[in-house]
Amino acid sequence: MCYNINMFLVGIFQWWYGNGLLQYIRQSFLGVLRTADFFSVGLLLKTLFNPFRQISAAPVGGDLSVQLSAFFDKMFSRAIGAVVRSMVIIVGILMILLRFLWMIVGIIMWLALPLMPFIGIILWQMGVSVWK
């Protein structure tokens, strides 16, 4: 009977530090990739100076004042597009970094979690108490 319990615990630890850990890392990394895909930083960099929402992107014909007005409209639209895209790029990079850091913390916690009861018992035996 004791042999079966011991082997059961060994099987749990083998899964926890083997396939379970690999699956957790894979899922966490996919979460980082989903965040990167959501913000599409590469695509935003490629289209940084495109007009915002393609406003006034069509060619304009006519006299000089109409063309100059259209030119400044396009430049204003491009400036707005660059500002909005830059802000989204900055937020996206921050979110990707935060998600990556969260993944690292999660992996560390995954590795340390089975050891917590043993650490608690050792601290208890040393007389460390949270409640006084």
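Buried means under 20% relative accessible area, exposed means over 50%, and partly exposed lies in between, using a 1.4 Å probe and protein chains only. By that definition, the buried residues of α4 are Ala 70, Ser 77, Gly 81, Ala 82, Arg 85, Ile 89, Gly 92, Met 103, Gly 106, Ile 107 and Trp 110. The model is predicted: local features need pLDDT of at least 70, side-chain atom pairs count only at pLDDT 80 or more, and totals for chains, interfaces and linings use all residues. Residues are numbered from 1 along each chain as its sequence is written, and side-chain values use heavy atoms, leaving out hydrogens and water.

**Helix α2**

- Helices are DSSP runs of H or I with at least four residues, strands are runs of E with at least two, and both are numbered from the N terminus.
- With 21 residues, α2 reaches 30 Å from its first C-alpha to its last, close to the 30 Å expected at 1.5 Å a residue; the expected span is 1.5 Å times one less than the number of residues.
- Gly 20, Leu 21, Ser 28, Gly 31, Val 32, Thr 35 and Phe 39 are the buried residues of α2.
- Seen down the axis of α2, these buried residues fall within an arc of 115 degrees, so they line one face of the helix; the arc is that of the directions from the helix axis to the C-beta atoms.
- The face turned away from the buried side of α2 carries the exposed residues Asn 19, Arg 26, Arg 34 and Asp 37.

**Helix α4 and its pairing with α2**

- α4 has 49 residues and reaches 71 Å from first C-alpha to last, close to the 72 Å expected at 1.5 Å a residue.
- The axes of α2 and α4 (residues 64-112) come within 9 Å and cross at roughly 170 degrees.
- That makes α2 roughly antiparallel to α4; the word applies to angles over 145 degrees, while angles under 35 count as roughly parallel, 65 to 115 as roughly perpendicular and the rest as oblique.
- Axes here are lines fitted to C-alpha atoms, for helices over the stretch in contact, with angles from 0 to 180 degrees between N-to-C directions.
- Contact means heavy atoms within 4.5 Å.
- Residues making the contact include Tyr 24, Phe 29 and Thr 35 of α2, and Met 95, Arg 99 and Trp 110 of α4.
- Thr 35 is buried, with a relative accessible area of 11%, and, not counting residues up to four places away in sequence, touches Met 95, Ile 96 and Arg 99.

- Ser 40 is found in the loop between α2 (19-39) and α3 (41-46).
- Ser 40 has a positive phi of about 45 degrees although it is not a glycine.
- Most residues other than glycine have a negative phi.
- Ser 40 is partly exposed, at a relative accessible area of 26%.
- Val 41 is in helix α3 and counts as buried at 15% relative accessibility.
- Leaving aside neighbours within four places in sequence, Val 41 is in contact with Ala 36, Ile 89, Ile 93 and Ile 96.
- The largest nonpolar core has five residues: Phe 39, Val 41, Leu 44, Leu 48 and Ile 89.
- A nonpolar core is a set of buried Ala, Val, Leu, Ile, Met, Phe, Trp, Tyr and Cys residues joined through side-chain atoms within 4.5 Å.
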